[in-house]
Amino acid sequence: MIEFKQVSKDYVSNIGKEIKPALREVSFSVKDGEFITLCGRSGAGKTTILRMIACEEKPTTGSVVFYGQDTIDIKEKDAYSIRQQLGFIFQDFKLLPYKTVFENVAYALEVTGQDTKKAKDEVMKVLDLVGLTKKANRFPKELSGGEQQRTSIARALIHRPRIILADEPTGNLDPYHSRDIMKVLLKINEAGSTIILSTHNKEIVNNLKKRVITIDDGRIVRDEENGMFFI
Ligand SMILES: Nc1ncnc2c1ncn2[C@@H]1O[C@H](COP(=O)(O)OP(=O)(O)OP(=O)(O)O)[C@@H](O)[C@H]1O
Ligand SMILES: [Mg+2]
């Protein structure tokens, strides 16, 4: 379980301007297996919340508790072990252009010191899960945007993360490919992973019929099961 307890965040401005709080007394908790959507206008604070879960930002006041561990004064090695339990999906797919689909996914294992040969089966399993088995030997530029994003999802899944953080994963995709990505995320959720998704896409939010947390100017203004897009 992840808990945000009265979390506020002020980013320190480097040009001495007035500090505008990015989050204001945000409280919510996420249970294992949930699918949560964070929605809100640009600048509302969605990415800040995801970055706090990943221990990349710390609250100014309040606390973020990851499975019982308060992250406020966490040691780098403990932050690393939290990140090991997370899979990240971004708006820009961040694929390596000179590696194939297979290699992009396998590389995520290589950098942690695993033998690629042993990992081959594991890579093919996640490529199957995202429907890319036949495109394993293609390079990113030979794929559609949706296929590139599915590659990045496969890469996020290779460590079998407990939690997937997806920051506007359909932001660069057309409606057809966006629905495709949502199907993959739902499938991963049904297989047991917790999903925390940030999006401004109204159609996606309204079709999901999952819990929706709406953030406006750093505050949670709604937190509803079977929620609708509301800004
Ligand atoms: N590193 C930073 N330094 C200073 N201010 C920041 C920093 N990161 C974010 N902010 C500010 O904090 C607020 C929240 O930003 P955040 O990125 O969390 O919004 P968001 O909801 O993800 O927006 P978007 O939908 O555009 O991605 C914004 O006002 C932003 O300008
Ligand atoms: Mg953002």
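**Exercise 1. Sort the residues of the shell around ligand 1 into nonpolar, polar and charged.**

Solution. The shell holds three nonpolar, seven polar and two charged residues. Here Ala, Val, Leu, Ile, Met, Phe, Trp, Tyr, Cys and Pro count as nonpolar, Asp, Glu, Lys and Arg as charged, and the others, Gly among them, as polar. This is a predicted model: local features need pLDDT of at least 70, side-chain atom pairs count only at pLDDT 80 or more, and totals for chains, interfaces and linings use all residues. Residues are numbered from 1 along each chain as its sequence is written, while chains are lettered from A and ligands numbered from 1 in the order in which they are written.

Next, list the residues. They are Y11, K20, A22, G40, S42, G43, A44, G45, K46, T47, T48 and H200. Each has its C-beta atom, placed from the backbone, within 6 Å of the ligand.

Last, find the main contributor. Helix 1 (residues 46–53) gives the most, with three residues. Helices (H or I, at least four residues) and strands (E, at least two) are DSSP runs, numbered from the N terminus.

**Exercise 2. Describe how helix 1 is covered.**

Solution. Six of its eight residues are buried. Buried means 20 or more other C-beta atoms within 10 Å of the residue's own; exposed means 12 or fewer, and partly exposed lies in between, with C-beta atoms placed from the backbone. The buried ones are K46, T48, I49, L50, M52 and I53. After the helix comes C55, with a positive phi near 60 degrees.

**Exercise 3. Is H177 buried, exposed or partly exposed?**

Solution. Start with its place: H177 is in helix 6 (residues 175–190). Then count. H177 is partly exposed because it has 18 other C-beta atoms within 10 Å. Its contacts are S144, G145 and G146, leaving out residues up to four places away in sequence. Contact means C-beta atoms, placed from the backbone, within 7 Å. Finally, compare with F66: the two C-alpha atoms are separated by 33 Å, and the residues lie 111 apart along the chain.

Conventions
Two residues are in contact if their C-beta atoms, placed from the backbone, lie within 7 Å.
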